[in-house]
Amino acid sequence: MHDRFSVLKKKFLRVRAGMDSFSECLLFFWEYFLWRCKKNRPQYFSPDLANAWAVRRRKRTYCKGEYYSFKDAKIPLLDPENEKIFLGGYFLNVFFPYCFLNDCYDESLIAPYEALHADFYGVKNQRVDVRVLPGDIVIDAGSWIGDFAAYASAKGATVYAFEPTKYIFDYLLKTAKLNKNIFPFMKALGDTNGVMELIADPNNSMGNTLIGEGEKDQIEITTIDEFVEKNGIPRIDFIKASVQGYETKVLLGAKKVLREFSPKLALFYNYYYYPDMPDFDDELEAIIKEANPSYNVVRKRRKLFASVSDSDSK
């Protein structure tokens, strides 16, 4: 009973926080009631009507002809499935603070939204300061359609965006044309250079991964250290990684960059890809600290942030 009311309470609080509309909330409650009444109901509740309503509403709000516009960041129009993923809620992770919180990532401000399952890409508190700043040089590992790259570009950063999936990379190319200083690469990032097999998720373009079983495609892979050295990049200020269980490999391939440049780190992961690895957070932190003991690390739900304070970097 407690879990049942917790779900409904969170949905209502999301409306009060401006993350969802009242109409979506009513549809959600109705679908949830019907789902609870079914004798042989599916194991997981999926509010399809509420999500579809949200996508239509947000499309009317943000679609500006040939692209979606979030202040100074632009995303190309998407096919229905990826539009459903993006406007159905994922865009909030990147653009909600930028559009509605004056781009503020102070923990005291964003904590109530995080409690409602918002996974923002930055945080600022007494231990870490992980924000994209004007002039930053950013590595975007697992760029997908380039939504975070577009945000970083709007902030005045230069972005090297990596996405190995061909049809998703086509969207990233379009995003790069719509926004300044985004340089897209159809490669994966890890701890080796060469060719690997990518496992495609047929139900979610964000779920493609380099671990697990399924239909496989060969892709190019490189390391951050190799990429930076080969291309003569003077420094790296920020690394964002959302690579479906491959975050440890990305960090192992970036030890030199972590040691020499101390970039801010924003790592996002889903335990679905490693249910037998309960100490995944510990492993990530150990790799970071081994490369550069000056890092401060903050763990949150499905994410880890790290940065080096100005005093420690001197």
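Guide: Start with Asp 225, whose side chain reaches the backbone nitrogen of Lys 255 at 3.2 Å. A polar contact here is a pair of N or O atoms within 3.5 Å; within protein, one must be able to donate a hydrogen and the other to accept it, and residues adjacent in sequence count only if both atoms are side-chain atoms. This is a predicted model: local features need pLDDT of at least 70, side-chain atom pairs count only at pLDDT 80 or more, and totals for chains, interfaces and linings use all residues. Residues are numbered from 1 along each chain as its sequence is written, and side-chain values use heavy atoms, with hydrogens and water left out.

Asp 225 sits in helix α8, residues 224–230. Helices (H or I, at least four residues) and strands (E, at least two) are DSSP runs, numbered from the N terminus. Asp 225 is buried, meaning under 20% relative accessible area (1.4 Å probe, protein chains only). Yet Asp 225 has no salt bridge. That would take a side-chain nitrogen of Lys or Arg within 4 Å of a carboxyl oxygen of Asp or Glu. The nearest side chain of opposite charge, Arg 259, is 6.6 Å away. Leaving out residues up to four places away in sequence, Asp 225 touches Gly 253, Ala 254, Lys 255, Lys 256 and Val 257; contact means heavy atoms within 4.5 Å.

Now the sheet. Seven strands form an open, mixed sheet, ordered β7-β6-β5-β11-β12-β14-β13. Two strands pair if DSSP finds at least two bridges between them. The edge strands, β7 (182–185) and β13 (296–300), each pair on one side only. Strands β12 (residues 264–268) and β14 (residues 303–307) pair antiparallel over four bridges.

How values were computed:
Buried < 20%, exposed > 50% of the residue type's maximum accessible area, 1.4 Å probe, protein only. Lys, Arg positive; Asp, Glu negative; His and termini not counted.
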